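Subject: Structure handover

Hello,

Here is the structure we discussed. Please load it before you read on; my notes follow below.

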Amino acid sequence: QVQLVESGGGLVQPGGSLRLSCVASGFIVKINDMGWYRQAPGKERELVAVITTSGTTKYADSVKGRFTISRVTAKNTVYLQMSSLSPEDTAVYYCHMDQYRPYWGQGTQVTVSS
């Protein structure tokens with residue numbers, strides 16, 4: 001079994017920053033892509049950012065230039081640095097990884113509000 005544990009969510013004012021972390025543990029053989037998705041109330045889950053094993057990244061248009069995804073492969077960890085946050089970024093953020101099948105974390109709440 002593989003477990004993903006996210007941390008770093010919380011309440012932040014508009015224009016602020018947060019850094020999310022996600023650590024994978026358990027039966028780790030070879031993690032392929034790692035990424036972040038989010039789901040706002042009443043909306044479908046959407047891709048935020050993904051990073052491959054070679055470091056190639058992909059971002060949703062809505063976060064380009066504001067969010068940065070990174071990973072430390074040796075630590076089975078992926079990060080999401082979020083800056084210039086707006087209320088539209090409020091959502092539950094889920095960590096995702098692929099190792100022969102997709103795995104999901106339980107999610108961490110990010111609330112952007114004054």
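A residue counts as buried when its relative accessible area is under 20%, and as exposed when that area is over 50%. By that cut-off, Arg-66 and Asp-89 are both buried. Keep in mind that this is a predicted model.

**Salt bridges**

The search of the whole structure returned 4 salt bridges.

The side chains of Arg-66 and Asp-89 meet at 2.8 Å, N to O. This pair links distant parts of the chain. Arg-66 sits in the loop between β6 (57-59) and β7 (67-72). Asp-89 sits in the loop between β8 (77-82) and β9. The two are 23 residues apart.

Next, Glu-46 and Arg-38. Their side chains form a salt bridge at 2.7 Å, N to O. How exposed is Glu-46? It is partly exposed, with a relative accessible area of 35%. Arg-38 has a relative accessible area of 6%, so it counts as buried.

These two pairs are connected. Arg-38, Glu-46, Arg-66 and Asp-89 are linked in a network of salt bridges.

Then there is Lys-64 with Asp-61. Their side chains meet in a salt bridge at 3.1 Å, N to O. Both Lys-64 and Asp-61 are exposed.

As background, side chains of opposite charge can pair when their charged atoms come close.

**Strand β9 and its partners**

Strand β9 covers residues 91-98. It is mostly covered, with 6 of its 8 residues buried. Which strands pair with it? Among them are β4, β10 and β11.

- β4 (residues 34-39) pairs with β9 in the antiparallel sense, over 6 bridges. Within this pairing, look at Gln-39: its bridge partner in β9 is Val-92.
- β11 (residues 108-112) is also antiparallel to β9, over 3 bridges. Here Tyr-93 stands opposite Thr-108 of β11.
- β10 (residues 102-104) runs antiparallel to β9 as well, with 3 bridges. Met-97 has Tyr-103 in β10 as its bridge partner.

β9 and β10 form a hairpin with 3 residues between the strands. In that hairpin, Tyr-100 takes a positive phi near 70 degrees.

**Where to start**

I would open the view on Arg-66 and Asp-89, the buried salt-bridge pair. From there, follow the network to Arg-38 and Glu-46. Then turn to β9 and its antiparallel pairing with β4.

Best regards

Definitions and conventions:
Residues numbered from 1 in each chain as written. Predicted model: local features only at pLDDT ≥ 70, side-chain atom pairs only at ≥ 80, totals over all residues. Heavy atoms only, no water. Buried < 20%, exposed > 50% of the residue type's maximum accessible area, 1.4 Å probe, protein only. Helix = DSSP H or I, 4+ residues; strand = E, 2+ residues; numbered from the N terminus. Pairing = 2+ DSSP bridges.
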